[in-house]
Amino acid sequence: VQISINSTPPRAVVVLDGERLGAKTPVTIRNVRRDKNHTLRLEVGGHKPCESDFSIEDTEDKKFNILFEKD
């Protein structure tokens, strides 16, 4: 199962379950575990961080389109 993340503005830092990933948005993260809840946090300069909790059903890919608020 994978999650796709887009953000406006792009090039946000992606933190999944407390782990800062090397990728920036837009990005697709593959092999996301289905057996637990996840926390997704996005950070981009000059804007408020965005955080979301989610879980994944059996075969459901997730798509996130994040619109940041100015700081």
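Which backbone nitrogen does the side chain of Asp17 reach at 2.8 Å? It is the backbone nitrogen of Thr39, and the views below show the surroundings of that contact.

**About the model.** This is a predicted model, in which local features need pLDDT of at least 70, side-chain atom pairs count only at pLDDT 80 or more, and totals for chains, interfaces and linings use all residues. Residues are numbered from 1 along each chain as its sequence is written, and side-chain values use heavy atoms, with hydrogens and water left out. The predictor's confidence in each residue is pLDDT, which runs from 0 to 100. Its mean for the protein is 94, and 100% of the residues reach 70 or more. Confidence is highest in S2, at 98, and lowest in S3, at a mean of 94.

**View 1. The open sheet has four strands in the order S3-S2-S5-S6.** Strands here are DSSP runs (E, at least two residues), numbered from the N terminus, and two of them pair if DSSP finds at least two bridges between them. The pairing in this sheet is antiparallel. Strand S3 (19-24) and S6 stand at the edges with a single partner strand each, so one side of each is left without a neighbour in the sheet. On average, neighbouring strands of this sheet are turned by 25° against each other, direction ignored; the strand axes are lines fitted to C-alpha atoms, and angles in general run from 0 to 180 degrees between N-to-C directions. Moving through the sheet, S2 (residues 13-16) pairs with S3 over three bridges and with S5 over four, while five bridges join S5 to S6. Some partners to look for: Leu16 is bridged to Glu19 in S3, Val15 stands opposite Arg41 in S5, and His38 has Phe54 in S6 as its bridge partner.

**View 2. Asp17 sits in the loop between S2 and S3.** Two residues separate the strands of this hairpin, and Asp17 takes a positive phi near 55°. At 33% relative accessibility, Asp17 counts as partly exposed; that class lies between buried (under 20% relative accessible area) and exposed (over 50%), using a 1.4 Å probe and protein chains only. Contact means heavy atoms within 4.5 Å, and Asp17 touches Lys36, Asn37, His38 and Thr39, leaving aside residues up to four places away in sequence. Its side chain also makes a polar contact with the side chain of His38 (2.8 Å). Such a contact is a pair of N or O atoms within 3.5 Å; within protein, one must be able to donate a hydrogen and the other to accept it, and residues adjacent in sequence count only if both atoms are side-chain atoms.

**View 3. Strand S5 shows a covered and an uncovered face.** In a regular strand the side chains alternate between the two faces of the sheet. The covered face of S5 holds His38, Leu40 and Leu42, and the uncovered one holds Thr39, Arg41 and Glu43.

**View 4. Ile5 and Leu42 belong to the largest nonpolar core, which has 16 residues.** A nonpolar core is a set of buried Ala, Val, Leu, Ile, Met, Phe, Trp, Tyr and Cys residues joined through side-chain atoms within 4.5 Å. Ile3, Ile5, Leu40 and Leu42 have the most contacts inside this one. Strands S1 (3-8), S2, S4 (27-29), S5 and S7 (62-67) each give two or more residues to the core. Ile5, found in strand S1, is buried at 1% relative accessibility. Among the residues that Ile5 touches are Val14, Val27, Leu40, Leu42 and Phe64. The contacts of Leu42 include Ile5, Ala12, Val14, Cys50 and Ile66.

**View 5. His47 lies in the loop between strand S5 (38-43) and strand S6 (50-54).** Is His47 buried or exposed? His47 is buried, with a relative accessible area of 14%. Its side chain reaches the backbone oxygen of Gly45 at 3.0 Å. Beyond residues up to four places away in sequence, His47 touches Pro9, Phe68, Glu69, Lys70 and Asp71. The hairpin of S5 and S6 has six residues between the strands, and here Gly46 takes a positive phi near 80°.
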